[in-house]
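Student: I have a structure open and want to go through some of its residues and elements. Can we start with a side-chain contact and move on from there?

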Amino acid sequence: MTSVWHPDEFYMARAIQLAHNGMYTTQPNPRVGCVLVKEGAIIAEGWHARAGEGHAEVEALKRAQSPEGATVYVTLEPCSHHGRTPPCCEALVKAGVVRVVAAMQDPNPLVSGRGLTRLNDAGIDVRCGVLQNEAMKLNPGFIKRMQTGLPFIRGKLAMSLDGRTAMASGESKWITSDQSRADVHRYRARSSAILTGINTVLADDPALNARVEFETLQPARVVLDTRLRMPPTARLLTLPGRNVIVTCSQDRSEIDTLQQIGAEVYCVAERNGKVDLSAVMDLLGRLQFNEIFIEAGPTLSGALLAENLVDEWLIYMSTNVLGDEGRGLFRLPGLEKMADKKHLSLCDIRQIGSDLRLTLKPT
């Protein structure tokens, strides 16, 4: 038996597809798509590409020759407030559209529902909630930050078939396939920032950028550096883009040196001899980062898991075996009984090249 889509679902699915055009460029704004339909046909489409540029509704209206009487399908409630651009709901009222279908309300509790109310008060027929779950998947970070002030945290780890992330010597290149590493770079590209610890910087001198073949807004690089051991010659500090160092150190000389070469240095509270991870996440939310991609070793990954700060884990599992002397996935001291075990829920599993990618979430 074949399912029959309602026209609203059909056109909203197209709007969601359009929103993906902004997947890698809209930070700190949400990814939004819009379709204008008149007399059963699409007359214009638009999506939000970058902060400061037109929102999806405005872009669609610019491409429509005669939007009067049209129905608007948009993946997020049209904004009702003045930001970098004028309110979208006013543009829709002025354009003379007769119906607006939104996938979801604005997640910001301070303005949620106001745009829809403004449209309804102007005599426009309003419907909300069409393909809402699908639309929410576009913007997990923006939604979480609007509702809680915190970014969406996605952790990534690569392991062998026997659960090792490196040889005992620390050698780890490469556990997984070329296809898996390309997949990781796509996740990097959609992220607002890539976060790691100072030990990874000192050991590997990583670039922490997204190496992809499409246009992207390069993510910021965030390094947790409790004692401010960051060498000014680190490769990531020589690359264009934003570098954020989070520390507990008050060493003015070291801070000035790093700031002079363009790094942003923020001090947070110390906890158990390390930066307070909860304070770090609060800081990253205030810096308007929506999605954080964790690229770290077992110590930081274990600490994040222990404090339940990660919203989603991506585990790339190869078919290689590294042996029982290899380094483990998480460092979790204090787990002595089965009752202490950490449980994650498996949400998705798929083959990437010769590897498996497991998507897990905390229970």
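Student: What does the side chain of Arg-227 make a polar contact with?
Tutor: The partner is the side chain of Glu-270, at 3.1 Å. A polar contact here is a pair of N or O atoms within 3.5 Å; within protein, one must be able to donate a hydrogen and the other to accept it, and residues adjacent in sequence count only if both atoms are side-chain atoms. This is a predicted model, so local features need pLDDT of at least 70 and side-chain atom pairs count only at pLDDT 80 or more, while totals for chains, interfaces and linings use all residues. Residues are numbered from 1 along each chain as its sequence is written, and side-chain values use heavy atoms, with hydrogens and water left out.

Student: Where is Arg-227 found?
Tutor: Arg-227 sits in the loop between strand E9 (220–224) and helix H9 (235–238). Helices (H or I, at least four residues) and strands (E, at least two) are DSSP runs, numbered from the N terminus.

Student: Is Arg-227 buried, exposed or partly exposed, and why?
Tutor: Partly exposed, because its relative accessibility is 47%. Buried means under 20% relative accessible area, exposed over 50%, and partly exposed in between, with a 1.4 Å probe and protein chains only.

Student: Which residues is Arg-227 in contact with, leaving aside its neighbours within four places in sequence?
Tutor: Thr-247, Cys-248, Ser-249, Glu-270 and Gly-273. Contact means heavy atoms within 4.5 Å.

Student: Switching topic. Where does UniProt place the feature "binding site"?
Tutor: The UniProt record, an unreviewed entry, puts it at His-55, Cys-79 and Cys-88. These three span 34 residues in sequence, yet no two of their C-alpha atoms are more than 9.1 Å apart, so they gather at one spot. UniProt positions are given in the numbering used here, feature names are shortened, and annotations may be inferred rather than shown by experiment.

Student: Where are the two cysteines, and are they buried or exposed?
Tutor: Cys-79 is in the loop between strand E3 (71–74) and helix H3 (88–95), and it counts as buried at 9% relative accessibility. Cys-88 is in helix H3 and also counts as buried, at 1%.

Student: What is Cys-88 in contact with, beyond its neighbours within four places in sequence?
Tutor: His-55, Glu-57, Val-58, Pro-78 and Cys-79.

Student: Which residue does UniProt list for "active site"?
Tutor: Glu-57, according to the UniProt record, again from an unreviewed entry. Glu-57 lies in helix H2 (residues 56–63) and is buried, with a relative accessible area of 4%. Leaving aside neighbours within four places in sequence, its contacts include Cys-34, Cys-79, Cys-88 and Leu-92.

Student: Now the sheet. In what order do the nine strands come?
Tutor: The order is E11-E10-E9-E8-E14-E6-E15-E18-E17, in an open sheet with mixed pairing. Strand E11 (264–267) and strand E17 (344–352) stand at the edges with a single partner strand each, so one side of each has no neighbour in the sheet. Two strands pair if DSSP finds at least two bridges between them.

Student: How many bridges join E8 to E9?
Tutor: Five, and E8 (residues 193–197) and E9 run parallel.

Student: Last one. What does the side chain of Asp-183 make a polar contact with?
Tutor: The side chain of Arg-357, at 2.8 Å. Asp-183 lies in helix H7 (residues 178–190) and counts as buried at 7% relative accessibility. Its contacts, leaving aside neighbours within four places in sequence, are Tyr-316, Ile-352 and Arg-357.
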